[in-house]
Amino acid sequence: MATLEKIRSKSVLLIVVIGVALLAFIVGDALTNSRNLFGDHTTVAKIGDKKIDYTDYIQRREELNNRLEQARKQNPAQYANYDTQLMSQLALDELVAERLLDQAADNAGIETSGEQLRFFVMDNPINPRIQELIQQLNASGLSVSTPQQAYEVIFNPKRNGFTDAQMAPFQRAWVAMESETKQMIKRQQYQRLLYGTVKANDLDKKALYNDYVSTSNVNMAFHPYGQLDAEKYKVSDADIKAAYDSDKSIFKVNEPTKDVMFIAVNIVPSTADRENARMLAVSTMESLRDSAGQVGKDLKKEGVAVTRRQLRASDLPLGAVREYVLSASADSAKIVSENIKGFTIVKMGRRTQAMDSIQLNIVQVAGDKLPSKVLASLNSGLPADSVSKKFGADSVMAQPAQWIPLFTAQGPTRAIEPAQLDSLVNAGGKYITLMSSPQGSVLASVAKRNAPVDIYEYDEVTYELKPSVKTVNGEREKLEKFLDQNQDLKSFAANAAKAGYTIQDFSLSESSPAVPRMAGLNSYYPDSRQVVRWVMIDGNPGEVSHIYESKDAMTPALYAAAVVSEYDDYVPLTNKDVKTFATDKARRDKAGEEMIKQYQPKAGSMAGVAQAMAVESTNNPTFRFGYNPQVADAKVLGRIAGSKPGKVVLVKGDNGVYAYQVASQGKEEFPFNDQQYEQQYFQLVNPNMGGMLKGAREYVNNIYKFEAGD
């Protein structure tokens, strides 16, 4: 009995231990993912008291991705290289802007009227969901092209041969679209009101006018600093600090930021990979030349792909493929391209003729009994535009003749099935039933058809050369060895170049979509958002990351980063770019002072100063404040505009030393245009609506915690 009690007591203890361990695991996992179990663990961002929930964020990101895919289909060249990593921050920016606009519009008491809703839904659609609804209706076999037609079909289902149950999903979608459109209209109204608050008063407009009509006749000489000698113009740490402090406001950051050193290893195919690709091209050609003339399973496993093309002559791609296809005999094959990207082989098929488009008369008929009566009437000579009068507009709708493309630049469209096309062509102009269901039918006849064109059939056999697993593993082992031996910032920076790696310096923040390919460019390393996540969550100054890998099979890459510093107010002077800026500014400031001392003895005349500067003086008879491209420095521009005629003035600018002399001042006669200076004032102010809406609200961006986990 005592033994049994011991076992029971140990079981209880074991359960407690397991429970504590399990709780620690759950809490640890939550903390690792930076999601507080007792806080806003689904809040992607927060501005003031407005929160962006994870579910809303995911929905918006998916919508943007879908729109991008549609844009790529419609315009592949323009959107082919658009980085999808941008979609996450773009989705969040949209949601934050909408929350702020909605709150502001509600506070202002703005409402959407019924007339406005009708106009922006029916007459001037502003919501892309309207077009999506029309596309969904067409995909369901309902031919509609306008919001009015869509509304008629959705909310009068029985009149169009449908039941209420069939249209219920579309009705719900329409109501949701209207609700969303109401909000969009309210936002637009508030935006117009907000921008309308930025208005010039009479004094503002008159000041702009006076600046333009007031002129000066100015003689000027300019000596640029150029590349300054660091030994000749030495600057101290105090000089650099003073230069930094004088312009510190431009280094203000709006969110926590970290400076990092970043290594990217872009892996390319090795010499062995390229040789294997060459041998694969030879094997593929041999396979295409044998009796079967096909690419076997073994070659396909190696990555060889076959695409059957059926194209008009005008759609054949320019270059070697086009030249070969136009002249090749059936069943012949040729390597038309072989380079570091892989190879392309063309296996010629047959050359045929086919219509590439056909014009149809189309009549839609509701119900399952009426179509046969309408078909008989049409084929007895009843004009299509008279069927609605005879059978009722609620049941029959005739559409204008439509051209149906049978071929596009991508090949056959399959807009009409071959059997249907044969029936249409063989009907001799009579109507046939093109589509039929219990709810209704589509009747069609041939109005016109184009003459047959040449169609070229061929197989495009391609292989895209990518680094082999062996090549990728070799680069990984090399980088792992480097990181094992350089696990702190100092050694990481000192030994990277010796190991063959180039370090790039970046500043990353909560809003960074990924690691940029170059500072200031809107182009990012693939799959590098995971590096941003490590930097912002786990990386502390002085620490080095482990290896991160891009999943792009064609252009694989390896990444590693080391955190240099972190800050949440101003970019510090320790930042490499800031240090370079401040040092250069301090050196230019010192050079300017010394040059002025050098040229001052010659300041009795413009000719003397220009000679001392070794430049020629210029004359501007109509110098205007704010309208002079000869002076890039705003401070110098202001000095000249405020100077009286007479003496020669020497002044140091940001980019060089200026000498100027105002010879005379005048005023030109131009008519005052109130509207012109109203617009000019708005352009000068350039209101930041986002900043106006945000105001002093605190903005917390947690997006990096939900993206690209380890």
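Predicted model: local features only at pLDDT ≥ 70, side-chain atom pairs only at ≥ 80, totals over all residues.
Residues are numbered from 1 along each chain as its sequence is written, and side-chain values use heavy atoms, leaving out hydrogens and water. Local features need pLDDT of at least 70 and side-chain atom pairs count only at pLDDT 80 or more, while totals for chains, interfaces and linings use all residues.

**Stop one: strand β13.** Select residues 440–449. Strands are DSSP runs of E with at least two residues, helices are runs of H or I with at least four, and both are numbered from the N terminus. In β13, 7 of the 10 residues are buried, so the rest of the structure largely encloses this strand. (Buried means under 20% relative accessible area, exposed over 50%, partly exposed in between, with a 1.4 Å probe and protein chains only.)

Look for N361 opposite S445. Next show β12, residues 432–437, which is antiparallel to β13 over 5 bridges. Here M435 partners V442, and a hairpin of 2 residues links β12 to β13.

**Stop two: Y209 and F672.** Their ring centres are 5.3 Å apart with planes at 90 degrees, so the pair is edge-to-face. (Rings of Phe, Tyr and Trp, the latter by its six-membered ring, pair with centres within 6.5 Å; planes under 30 degrees apart are stacked, over 60 edge-to-face, the rest tilted.) Y209 is buried at 9%, whereas F672 is partly exposed at 34%.

**Last stop: the cluster.** Select F262, F506, Y525 and Y559, which form one aromatic cluster.

Methods
Pairing = 2+ DSSP bridges.
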